[in-house]
Amino acid sequence: MPVTQLMSSTVTINDVQSFAYDEEFSLLDSMEGHQIPVTYNCRGGYCGLCKVKLTSGKVNWVQDSLVCLEDGEILVCCCVPDGPIGLAI
Amino acid sequence: MAYSTFSKVKNDALKEPMFFGQNVNVARYDQQRHAIFEKLIEKQLSFFWRPEEVDLSTDRKDFMAMAEHERHIFLSNLKYQTLLDSVQGRSPNVAFLPVVSLPELETWLETWSFSETIHSRSYTHIIRNVVDNPGTVFDDIVDNEEIVKRADSVTRYYDLFIEMCSQYSLLGEGVHQVNGEEVVVSLSALKRQLYLTLASVNVLEAVRFYVSFACSFAFAERAIMEGNAKVIKLIARDEALHLAGTQHMLNLMANGQDDPEMVAIAASCKDEVIEIFREAAEQEREWAKYLVKVGSMIGLNAEILSDYVDYITNVRLRGLGLEEIFDIRSNPLPWMNAWLVSDNVQVAPQEAEISSYLVGAIDSNMDDADFDDFDL
């Protein structure tokens, strides 16, 4: 992955806190690495507990979600950022 | 109307609703109206396990060394789990298969119910291991007043739905005289009962089961009955999938993505669904008191278990787009997460039949160009 793209994968939480995504398997791993409190159970895309709102930007899905999601909702155990993103948790 | 095992009427299953359309004829999975059920089947198949894979040899020693009140908690909890899976091993098939109209949902129901039979077999595996006479434990499930009370509340909606479906199948819509009594059969009343039954199944798997899981894992948190906890961890992984299934069915109906008539029915059922959750939460709190009536154990008392009931009920209500009904916001049993994580249950694709590993081995996208360098 080009350095510029890595630099630009900044995750902003609730408009107040930011950290750089560092190629962890999922956003959930990345958030945990930065001590962002996030609820989870299965880490496999089917319990739905890590559902958050994507307020800006795009994500890539690394595993299938098997739970009901409305527009703008993502499971952080199943996604990685594709460029800078904003989350509401 | 009368069930047909293979309807000869040609139809487009992509236009059928989940339930009460034409009975499924061809079991085909190349196309799906609701692809989520195909994904759930794939996931459930990739989760396949057998209770005998889990070694329980140290559990017997742990059980022998346990105090009387701990044995009461352990066995009562196991009896309750046995009851719940006895119901779930047959009821989705008996209740929903006669009225399902999508092939992928039909197979999901069967796959779901089958996995519950594995759970039932695992309770026998556990009970055989810890007591000399398993009959004493199994017999008590229908003798014990507290368990029988539970059985009534988990089967009430199922049983009424099955009775109403039988009348619909035999008599059709209308007002009928059966054994001197007037019976009114209406499809909209059946659809309403279907929605409520699915909600009660969601409560069974998403709330009631999780309270029992908390008890099983509480023992293992103290490094006892760890074999049992390993089995329950596999069961919990399956149940998370099953509850996602009922959440999908309920949400597809309520959001107008399936049978248009279900939107209004779901809206009219909202208060009753919340009451089903509230009633189950109350019963689970009562059950928590019964479990610890002889004495609490370290890490688990009636109060903390009741708080967990409230917490998990709120989580499940949110999953159905409903408002929370209890004040609690944070998980009172944070250690549960470690037991509910699935990604460390199976790790090596070459050792376990992970679906994505198998699917990836076959390239099903072929066109003429693939034969360009092919000579006869």
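Predicted model: local features only at pLDDT ≥ 70, side-chain atom pairs only at ≥ 80, totals over all residues.
Let me begin with a helix pair in chain B: helix H3, residues 68–88, packs against H8(B) at an angle of about 150°, with 10 Å between the two axes, where axes are lines fitted to C-alpha atoms, for helices over the stretch in contact, and angles run from 0 to 180 degrees between N-to-C directions. H3(B) and H8(B) are therefore roughly antiparallel, a label given to angles over 145 degrees. Their crossing is left-handed, meaning that the near helix is turned anticlockwise from the far one by less than a right angle. On the H3(B) side the contact is made by B:Ile73, B:Phe74, B:Asn77, B:Tyr80, B:Gln81 and B:Leu84, and H8(B) contributes residues including B:Leu204, B:Arg208 and B:Phe219; two residues are in contact if their C-beta atoms, placed from the backbone, lie within 7 Å. By class, this contact has 8 nonpolar, 4 polar and 1 charged residues.

Residues are numbered from 1 along each chain as its sequence is written, and chains are lettered from A, with ligands numbered from 1, in the order in which they are written. Helices (H or I, at least four residues) and strands (E, at least two) are DSSP runs, numbered from the N terminus.

Turning to the core, the largest nonpolar core holds 120 residues, of which A:Val76, B:Tyr195, B:Val207, B:Ala214 and B:Phe217 touch the most other members. Helix H8 of chain B, residues 187–221, gives the most to this core, namely 20 residues. Such a core is a set of buried Ala, Val, Leu, Ile, Met, Phe, Trp, Tyr and Cys residues joined through C-beta atoms within 7 Å. Leaving aside neighbours within four places in sequence, B:Phe217 is in contact with B:Ala229, B:Ile232, B:Met336 and B:Trp339.

Next, the contact between the chains, which takes 17 residues from chain B and 13 residues from chain A. On the chain B side the largest share, 6 residues, comes from H9(B).

Finally, two backbone details. B:Met225, in the loop between H8 and H9 of chain B, has a positive phi of about 55° although it is not a glycine, and B:Met225 counts as buried because it has 26 C-beta neighbours inside 10 Å. B:Asn179, with phi near 50°, counts as exposed, having 5 such neighbours inside 10 Å; the cut-offs are 20 or more for buried and 12 or fewer for exposed, with partly exposed in between.

Conventions. Parallel < 35°, antiparallel > 145°, perpendicular 65-115°, else oblique. Nonpolar A, V, L, I, M, F, W, Y, C, P; charged D, E, K, R; others polar.
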